[in-house]
Amino acid sequence: MMRMKIYYFSGTGNSYVVAKDIANKLKADLIPIAEVINIDKIYINADSIGIIFPSYLAPLAGIPLIVEQFIRKIINIKSIHIFAVCTCGGYECVNALPSLKKLEQVIRSCGGKLSADYSTRLPMNNLDYDHIPIPINRNHETIINRSKIKVDNICYRIKKKKGTKYKVVKILFNLVMTPLYKLMQQPVTNDLKKKAKEPLDTQLKYYELIPLTDKSILVNEKCNGCGICKKVCPVNNIIIVNSKPEFQHRCQMCFACDEWCPSSAIQHWSRSESVKYHHPDVTISDIL
Ligand SMILES: Cc1cc2nc3c(=O)[nH]c(=O)nc-3n(C[C@H](O)[C@H](O)[C@H](O)COP(=O)(O)O)c2cc1C
Ligand code: SF4
Ligand code: SF4
């Protein structure tokens, strides 16, 4: 029998729900990437793996840094079948597509092959839909219900070993969009520089800036030093000093500390004040 493992990364539960659903339906093991990321060389004892992750800064980074680090650590990547599912908050064609392309490039650069890629739209976890220039459905119940149907279909395709749907269309769309994504990269990088509190002429690349952006996370007077933020952070980026969180500049920008703080004491720079969203089927114990 084929052994399958589902690896996932999730800050606010969307990718976790998708990963759990796929693992249940395909009888695969479910493993958080955060749990294995400190292993130097990762040997995967499976024939097939699924990588489930959120789209981050689609035109620039595309995938969370931890997902790229995870792939680079797999020592037997050449011999395993890999598929991926990207969750995103905007339209899949402009958000999940570049993220999956980035993932494919990383896997290829390590000698592996991304055999099939899928995506599903779920609520935007900073609830900011206003920057999308065309009307978009914001009703979370509808979005989540549609995603459930999509994930059923993804499982069917994985089971039947059917590859990526509309592959040629996706390649063409990516080609057309590439110059536009390039145009968007500079403003996004400049914003990261500001959040990382680096000068605009810094030569730091996006993957060096992202970990520093925790310099712009705010902690208010409601903090009681409970340490939940430290526990939910997937990369041990938080220590508690004098009953307050201190950030260690290896941030993934995942929102977990902001979302799961029971006192609403943390405000991530990418979220307006008092904006909270996590997938309704996920509890803090799932994240812990
Ligand atoms: C730092 C960051 C950047 C994001 N960038 C994008 C993006 O470029 N396009 C998009 O559609 N969604 C973007 N999102 C939204 C997430 O991809 C989406 O809500 C995802 O389902 C969250 O997954 P999670 O709940 O598993 O963490 C971003 C979220 C974060 C935290
Ligand atoms: S979870 Fe919130 S209240 Fe608890 S230590 Fe962190 S910021 Fe403070
Ligand atoms: S500090 Fe907060 S946003 Fe950064 S990786 Fe940890 S939990 Fe995520």
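Q: Let's begin with ligand 1. Which of the 21 residues around it come nearest?
A: This is a predicted model. Among the 21 residues around ligand 1, the nearest are Ser10, Thr12, Ser15, Ser55 and Asn95.

Q: What does the side chain of serine 10 do there, in terms of distance to an oxygen atom of ligand 1?
A: A side-chain N or O atom of serine 10 is 2.7 Å from an oxygen atom of ligand 1.

Q: And serine 15, how far is its polar side-chain atom from an oxygen atom of the ligand?
A: The distance is 2.7 Å, from a polar side-chain atom of serine 15 to an oxygen atom of ligand 1.

Q: What about glycine 13, where a backbone atom is involved?
A: There a backbone N or O atom of glycine 13 is 3.1 Å from an oxygen atom of ligand 1.

Q: OK, ligand 2 next. What surrounds it?
A: Its surroundings are Cys223, Asn224, Gly225, Cys226, Gly227, Ile228, Cys229, Pro245, Cys261, Pro262, Ser263 and Ile266. The shell around ligand 2 has eight nonpolar and four polar residues, and no charged ones.

Q: And which residues surround ligand 3?
A: Ligand 3 has around it Cys233, Pro234, Val235, Asn237, Ile238, Phe247, Cys251, Gln252, Cys254, Phe255, Ala256 and Cys257.

Q: How does that shell split by class?
A: Ten residues around ligand 3 are nonpolar, two are polar and none is charged.

Q: Then what are the values for H1 and H5?
A: Helix H1 covers residues 14–26 and helix H5 covers residues 140–159. They pack at an angle of about 45°, with their axes 10 Å apart. H1 and H5 are therefore oblique to each other.

Q: Is the crossing left-handed or right-handed?
A: H1 passes H5 in a right-handed crossing.

Q: Which residues meet there?
A: From H1 there are Val18, Asp21, Ile22, Lys25 and Leu26, and from H5 there are Val151, Asp152, Cys155, Ile158 and Lys159. By class, the contact of H1 with H5 has six nonpolar and four charged residues, with no polar ones.

Q: What about H3 and H4, at what angle do they pack?
A: Helix H3 (residues 65–73) packs against helix H4 (residues 92–109) at about 25°, and their axes are 9 Å apart. That angle makes H3 roughly parallel to H4.

Q: Which residues make that contact?
A: H3 contributes Val67, Glu68, Ile71 and Arg72, while H4 contributes Lys102, Leu103, Val106, Ile107 and Ser109. Five residues of the contact of H3 with H4 are nonpolar, one is polar and three are charged.

Q: H4 also packs with H6. How are those two placed?
A: H4 and helix H6 (residues 167–195) pack at an angle of about 95°, with their axes 10 Å apart. H4 and H6 are therefore roughly perpendicular to each other.

Q: Last one: which residues of H4 and H6 meet?
A: Cys93, Val94, Leu97, Pro98 and Lys101 of H4 meet Lys170, Phe173, Asn174, Met177, Thr178 and Tyr181 of H6. In the contact of H4 with H6, seven residues are nonpolar, two are polar and two are charged.

How values were computed: Residues are numbered from 1 along each chain as its sequence is written. Chains are lettered from A and ligands numbered from 1 in the order in which they are written. This is a predicted model: local features need pLDDT of at least 70, side-chain atom pairs count only at pLDDT 80 or more; totals for chains, interfaces and linings use all residues. Side-chain values use heavy atoms; hydrogens and water are left out. Axes are lines fitted to C-alpha atoms, for helices over the stretch in contact, and angles run from 0 to 180 degrees between N-to-C directions. Helices (H or I, at least four residues) and strands (E, at least two) are DSSP runs, numbered from the N terminus. Angles under 35 degrees count as roughly parallel, over 145 as roughly antiparallel, 65 to 115 as roughly perpendicular and the rest as oblique. Contact means heavy atoms within 4.5 Å. Ala, Val, Leu, Ile, Met, Phe, Trp, Tyr, Cys and Pro count as nonpolar, Asp, Glu, Lys and Arg as charged, and the others, Gly among them, as polar. A residue is near a molecule or strand if one of its heavy atoms lies within 4 Å of it. A polar contact is a pair of N or O atoms within 3.5 Å; within protein, one must be able to donate a hydrogen and the other to accept it, and residues adjacent in sequence count only if both atoms are side-chain atoms. A crossing is left-handed if the near helix is turned anticlockwise from the far one by less than a right angle, and right-handed if clockwise.
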